[in-house]
Each structure stands twice: as C-alpha cells, then as structure tokens.
Amino acid sequence: MGITQYESLILYELFTHPRLSQKELVYRSGIPKQSISKGIHNLAELGYLEISSADQDKRVKYCSLTESGLAYAREKEDEILAIEKKVIDKLGFDRAALACQILAEWSDLLSKEIANLKEKKTEIMKILLPYFKRYKKRRFPDFDHHRLFSFCHPLPAPPAPAGAK
C-alpha cells in the first residue's frame, strides 16, 4: 500500500528541510493540522520518520526522516526536485525566488481575506438568527432556521447535466 498525498507532501517538506515542527509543516504545506498529525503518525508507524519533543517545550513536536524515510523520499521526490531545478534554471534563480515570494504573499493575503469574509458572515448569522427564530415562531411554524446557514455559507452550484450547454 502506498502513502497518501498528504504524507507525500510531508516527506517532501522533510526531505528539503531536515527537521521541522508540526506547526512548521502545517504552515509550509498548507495542509490542515489534523491531517498533518495523522500523516506524521502514519509515517512514523511505517518507520519513515521519527518524532521528538523540543527541549524547552515538550508540547512542540519535531519530525525528521529516518534512514529508510530518507531513502524512500529520495526515490519518490528526486524526480520532482529535478523538474523544479529545470524550471529554476530556465527562469533564473532570482526570478524563481521572486515568483515564490509573490505566490507566498498572494496565498497569505487570500487566506486573510477568506478568513475576514467567513468572520463577517458568521457575525451576520449571529445577529440575524435570533430574529429569524422569533419571526419563525410567529409567522411560519414550518420555517427551518437551519436553512439560514445556507445564506451565510452557500453550497456550490450543482454540476450541469450531461449534454447541457
């Protein structure tokens, strides 16, 4: 059985950065903390990485590849790293570094704006929900106030039927 995409990203990050904390892995990979934690423990069970605690704060867990993890990562990640090197060689190091910096800034700004939007929608929902509950009791006994959730968190549009234009 192979490893998951999340576990592959963890291996990649540890292959390119020999010792990272769980928090650093979350930040660098963009993978949710729960998935990183599960991936770390799965990889540790497979013998690919070891987990150690920080000297100053035992809550901080560091990960590093074992010899078998390093061999496995080298086998799997060398091809990706060779492709990255070709792209960097074509762009030039300075332009590639600038592209990475811009993408990191883009990602951070986008994440902040999405978080702000979610926060605003949650605030609206907190304000409106009591009114809808009272209004429901008076006017519409069949009104489902849980549908208000879709106002603040709309579902994606269903896919178009096959053959539709």
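Guide: Helix α2 (residues 22-29) and α3 pack at an angle of about 120 degrees, with their axes 10 Å apart. That makes α2 oblique to α3, because angles under 35 degrees count as roughly parallel, over 145 as roughly antiparallel, 65 to 115 as roughly perpendicular and the rest as oblique. This is a predicted model, in which local features need pLDDT of at least 70, side-chain atom pairs count only at pLDDT 80 or more, and totals for chains, interfaces and linings use all residues. Residues are numbered from 1 along each chain, and side-chain values use heavy atoms, without hydrogens and water.

Visitor: Which residues of α2 and α3 meet?

Guide: Contact means heavy atoms within 4.5 Å. Q22, L25, V26 and S29 in α2 meet K33, I36, S37 and I40 in α3.

Visitor: In what order do the strands of the sheet lie?

Guide: Strands of a sheet pair through backbone hydrogen bonds, either parallel or antiparallel. Here the order is β1-β3-β2, an open sheet with antiparallel pairing; two strands pair if DSSP finds at least two bridges between them. The edge strands, β1 (20-21) and β2 (49-53), each pair on one side only. Helix α1 (residues 5-16) packs on the sheet and touches β1, β2 and β3.

Visitor: Which residues have the most contacts inside the largest nonpolar core?

Guide: They are I10, L11, L14, L25, I40, L49 and L65, in a core of 16 residues. The largest share, 4 residues, comes from α1. L65 touches several residues beyond four places away in sequence, including L11, L14, F15 and P18.

How values were computed. Helices (H or I, at least four residues) and strands (E, at least two) are DSSP runs, numbered from the N terminus. Axes are lines fitted to C-alpha atoms, for helices over the stretch in contact, and angles run from 0 to 180 degrees between N-to-C directions. A nonpolar core is a set of buried Ala, Val, Leu, Ile, Met, Phe, Trp, Tyr and Cys residues joined through side-chain atoms within 4.5 Å. Buried means under 20% relative accessible area, exposed over 50%, partly exposed in between (1.4 Å probe, protein chains only).
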